[in-house]
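Subject: Structure handover

Hello,

Here is the structure I promised to pass on. Please open it first, then read my notes alongside it.

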Amino acid sequence: MSQLNLKKLFALGAVAASLSLAGFQAQAQGPMGHRGGHEMMAMGGGHVEHMLDMVDASDAQRSQIKQIMDAARADMKAEHETSRKLRDQAQTLFAATNIDAAAIEALRIQMSAHHEVISKRMSQAMVDAARVLTPEQRAKMAERMKKMQARMAKHMEMQGGKHGN
């Protein structure tokens, strides 16, 4: 094999390893790069208060939803450490002198299982919180969220246009 072909092969391998590591990290972090379901934990504090204000939630509803989100947030603290350890393991595997495909695959499976635990817990918190609200409140919240998502998509599209120049 010529030196040029070896250089191309090495470059291709480096790119593949970088993409794989980025994929591992994204998987450990969760959707859109947020770590351990924390994007859903934004539903704590000010964000959830704002959403509850928009649907005229009662004090009793606010209290119940706060308890639900606080419990989920506490559960996610433990998961955050596990996510960090899995990312560290991925970095170690990809930095190794010899790439161990079997170890990388085993870690990928472990990360997928961990992501499933996080996803399941966050889904349960969202279901529990939704059950506290009336159907009318949920419909109103869904409509507001849809509008917010449309504004965010428009903003992202405008940002993408700026970066593409």
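Below are my notes, from the overall fold down to single residues.

**Overall**

Please keep in mind that this is a predicted model. The protein has 6 helices and 0 strands. From the N terminus on, the order is α-α-α-α-α-α. The chain has 165 residues, and 25% of them count as buried. Now take the contacts between residues at least 6 apart in sequence: 79% of them join residues at least 24 apart.

**Helix H5**

Start with H5, which covers residues 101-132. This helix has 32 residues. From first C-alpha to last, H5 reaches 47 Å, close to the 46 Å expected at 1.5 Å a residue.

What caps the N-terminal end of H5? Asp100 does. One of its side-chain oxygens lies 3.2 Å from the backbone nitrogen of Ala102.

Several residues of H5 are buried, including Ile104, Leu107, Met111, Ile118 and Met122. His114 and Arg121 are on the buried list too. Towards the end of the helix, Ala125, Ala129 and Val132 are buried as well. An α-helix has 3.6 residues a turn, so residues three or four places apart point the same way.

Ala129 deserves a look of its own. This residue of helix H5 has a relative accessibility of 8%, so Ala129 counts as buried. Leaving aside neighbours within four places in sequence, Ala129 is in contact with Ile65, Ile68 and Met69. The C-alpha atoms of Ala129 and Gln67 are separated by 9.3 Å, while the two residues are 62 apart along the chain.

**The core**

In soluble globular proteins, nonpolar side chains tend to be buried together. The largest nonpolar core here has 15 residues. Leu52, Ile65, Leu133 and Met141 have the most contacts inside this core. Which elements give two or more residues to the core? They are helix H3 (46-54), helix H4 (59-95) and H5.

**Salt bridges**

Side chains of opposite charge can pair when their charged atoms come close. How many salt bridges does the structure hold? The count is 9. Three of them are described here.

- Arg62 and Glu49 meet through their side chains at 2.9 Å, N to O. Arg62 lies in helix H4 and Glu49 in helix H3, so this pair ties together parts that are 13 residues apart in sequence. Arg62 counts as buried, at 16% relative accessibility. Glu49 is partly exposed, with a relative accessible area of 33%.
- Asp75 and Arg121 form a salt bridge at 2.5 Å, N to O. This pair links distant parts of the chain. Asp75 is in helix H4 and Arg121 in helix H5, 46 residues apart. Asp75 is partly exposed, with a relative accessible area of 36%. Arg121, in contrast, is one of the buried residues of H5.
- Glu105 and Arg108 form a salt bridge at 2.6 Å, N to O. Both lie in helix H5, 3 residues apart, about one turn of the helix. Glu105 is partly exposed at 34% relative accessible area. Arg108 counts as partly exposed too, at 33% relative accessibility.

There is also a network. Salt bridges that share partners join Glu49, Asp53 and Arg62.

Most residues other than glycine have a negative phi. Asp56 has a positive phi of about 55°, although it is not a glycine. Where is Asp56 found? The residue is in the loop between H3 and H4. Is Asp56 buried or exposed? Asp56 is exposed, with a relative accessible area of 60%.

**Where to look first**

Begin at Asp100, which caps H5. Finish at Asp56, in the loop between H3 and H4.

Best wishes

Methods: Residues numbered from 1 in each chain as written. Predicted model: local features only at pLDDT ≥ 70, side-chain atom pairs only at ≥ 80, totals over all residues. Heavy atoms only, no water. Helix = DSSP H or I, 4+ residues; strand = E, 2+ residues; numbered from the N terminus. Buried < 20%, exposed > 50% of the residue type's maximum accessible area, 1.4 Å probe, protein only. Contact = heavy atoms within 4.5 Å. Expected span 1.5 Å × (residues − 1). Polar contact = N/O pair within 3.5 Å; in protein donor to acceptor, adjacent residues only side chain to side chain. Core = buried A, V, L, I, M, F, W, Y, C linked by side-chain atoms within 4.5 Å. Salt bridge = Lys/Arg side-chain N within 4 Å of Asp/Glu carboxyl O.
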